[in-house]
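Hi,

Here is the structure I promised to pass on to you. Have a look at it first, and then read my notes below.

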Amino acid sequence: MDRIPILQMGKFLLVTIQVDLYDRLALNLETDLAQMVNKTGARGVLIDISALSIVDSFMGRILGNIGTMSKIMDAETVVVGMQPAVAITLVELGLELRGVSTALNVEKGMQLLSVKVGSFEDHELEEDHDAGSVE
């Protein structure tokens, strides 16, 4: 059975889609990502779709589902590398990709994830530090 590799980078999961996605592969990716977020406690999921020249309504729905499921599991999702034709197609299909943020490339996507997740953790660290200074 074919699988898309999911790499862990600290508190983030990185998925680079380098092949055309058929329905079964997309569904496997959706399931595998939910399991990996649960298993690793990842706070962010970055999906690189720069190699895809076509995203149909099914794949658009899968990306939206991944974003929604990740959000429910306390992880942010960022899709990067979207080709202009893919963006046009998604708009024409009326797909909103709820729960998914987008960035131009992997570097900007990682920065966006760090801002979304890091600011909360920084706040937690400050609270822990403040609580520790009372002792």
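Helix α1 lies across β1, β2 and β3 and runs at about 160° to β2. Likewise, α2 lies across β3, β4 and β5, at about 150° to β4. Those angles, from 0 to 180 degrees, are taken between N-to-C directions of axes, which are lines fitted to C-alpha atoms, for helices over the stretch in contact; contact means heavy atoms within 4.5 Å. Helices (H or I, at least four residues) and strands (E, at least two) are DSSP runs, numbered from the N terminus.

Please keep in mind that this is a predicted model, in which local features need pLDDT of at least 70, side-chain atom pairs count only at pLDDT 80 or more, and totals for chains, interfaces and linings use all residues. Residues are numbered from 1 along each chain as its sequence is written, and side-chain values use heavy atoms, with hydrogens and water left out.

Now the overall fold. The protein has 4 helices and 5 strands, and from the N terminus on they follow the pattern β-β-α-β-α-β-α-β-α. The 5 strands form an open sheet in the order β1-β2-β3-β4-β5, with mixed pairing; two strands pair if DSSP finds at least two bridges between them. At the edges are β1 (6–9) and β5 (100–103), each pairing on one side only. Strand β4 (residues 76–80) is joined to β5 by 4 bridges, and these two run parallel. Within β4, look for Val 80, which stands opposite Ala 103 in β5.

What about the inside? Of the 135 residues, 39% count as buried, meaning under 20% relative accessible area (1.4 Å probe, protein chains only). The largest nonpolar core has 27 residues, and Val 15, Ile 17, Leu 29, Leu 33 and Ile 47 have the most contacts inside it. Such a core is a set of buried Ala, Val, Leu, Ile, Met, Phe, Trp, Tyr and Cys residues joined through side-chain atoms within 4.5 Å. Apart from it lies another core, of 9 residues, among them Phe 12, Leu 14, Met 110 and Leu 113.

Leaving aside neighbours within four places in sequence, its contacts include Phe 12, Val 45 and Val 78. The C-alpha atoms of Leu 113 and Val 78 are separated by 7.1 Å, although the two are 35 residues apart along the chain.

Enjoy exploring!

Note on methods. Buried < 20%, exposed > 50% of the residue type's maximum accessible area, 1.4 Å probe, protein only.
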